[in-house]
Amino acid sequence: MKVLIAYASRHGGTRGIAEHIGTVLAGEGIACTVARVEDDPDPTLADACLLGSAVYLGSWLNEALDFGWRHAASLAGRPVWMFSSGPLPGSAAEKATDADDPLAIALGPAEGPGSGGRQKVAELTAAIHPRDHRIFFGAYDPKASPKSIAERFVRLLPVSGGILPAGDFRDWPAIEAWAREVAHGLVREPAL
């Protein structure tokens, strides 16, 4: 069994999650390749794939969405799991949504204002049929240089300190538990 873990990360938080998942799967005897989506790894060389992205302003990074669409046919033909990294506990998004809906916290509502990011991920999900989409809290270092215009804009807002709590909120035991769930799912899946 060979697994590709493809991820898009802006400041390294999602990369860390992808690498940790890879370590857990390797510990379960599953061969893994962990690769940035920007490097365009080939999903057809794997029996299963995990696709993850950092979430900024309620949306997956374009690189992750582009990778998913570029490889949608091959992803749909194998077991796929998705993960999102980026909501922060106590953030404005968490306070404004139903705390029982992790997708709403990370990607916004399913419909109406603020739903654009979630709708893009929902369209990709409908095309590739993942077994699961797990949401993990991310990390935010206010001293890290912003990598996009949107990040620069958010940091200029007078209330940005209240919107983006600083710290590393990645829940490593939850990430490891999910990786083990994936590993057990892979063991039950026939290889392609």
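Rings of Phe, Tyr and Trp count as a pair if their centres lie within 6.5 Å. The views below come from a predicted model.

**View 1. Aromatic rings of Phe 136 and Trp 178 pair up.** The structure holds 2 aromatic pairs. In one of them, the ring centres of Phe 136 and Trp 178 are 5.7 Å apart. Their planes meet at 70 degrees, so this pair is edge-to-face. Phe 136 belongs to strand S6 (residues 132–136), and Trp 178 to helix H9 (residues 172–188), so the contact ties together parts that are 42 residues apart in sequence. Both Phe 136 and Trp 178 are buried. Phe 83 joins them: ring pairs link Phe 83, Phe 136 and Trp 178 into a cluster.

**View 2. Arg 78 is buried without a salt bridge.** Arg 78 sits in the loop between helix H3 (72–76) and strand S5 (80–85). The nearest side chain of opposite charge is Asp 47, 6.4 Å away. A salt bridge needs a nitrogen-to-oxygen distance within 4 Å. Backbone oxygens do approach polar atoms of the Arg 78 side chain. That of Ser 74 lies 2.5 Å from one such atom. For Ala 46, the backbone oxygen lies 2.9 Å from a polar atom of this side chain.

**View 3. Strands S1 and S2 run parallel.** Strand S1 covers residues 2–8, and strand S2 covers residues 31–36. They pair over 6 bridges. The chain leaves S1, passes through helix H1 (residues 13–27) and reaches S2. This β-α-β crossover is right-handed. Within the pairing, Lys 2 has Ala 31 of S2 as its bridge partner.

How values were computed: Residues are numbered from 1 along each chain as its sequence is written. This is a predicted model: local features need pLDDT of at least 70, side-chain atom pairs count only at pLDDT 80 or more; totals for chains, interfaces and linings use all residues. Side-chain values use heavy atoms; hydrogens and water are left out. Two strands pair if DSSP finds at least two bridges between them. Helices (H or I, at least four residues) and strands (E, at least two) are DSSP runs, numbered from the N terminus. A crossover is right-handed if, with the strands pointing away from the viewer, the path from the first strand over the helix to the second runs clockwise. Buried means under 20% relative accessible area, exposed over 50%, partly exposed in between (1.4 Å probe, protein chains only). Lys and Arg count as positive and Asp and Glu as negative; His and the chain ends are not counted. A polar contact is a pair of N or O atoms within 3.5 Å; within protein, one must be able to donate a hydrogen and the other to accept it, and residues adjacent in sequence count only if both atoms are side-chain atoms. Rings of Phe, Tyr and Trp (its six-membered ring) pair if their centres lie within 6.5 Å; planes under 30 degrees apart count as stacked, over 60 as edge-to-face and the rest as tilted.
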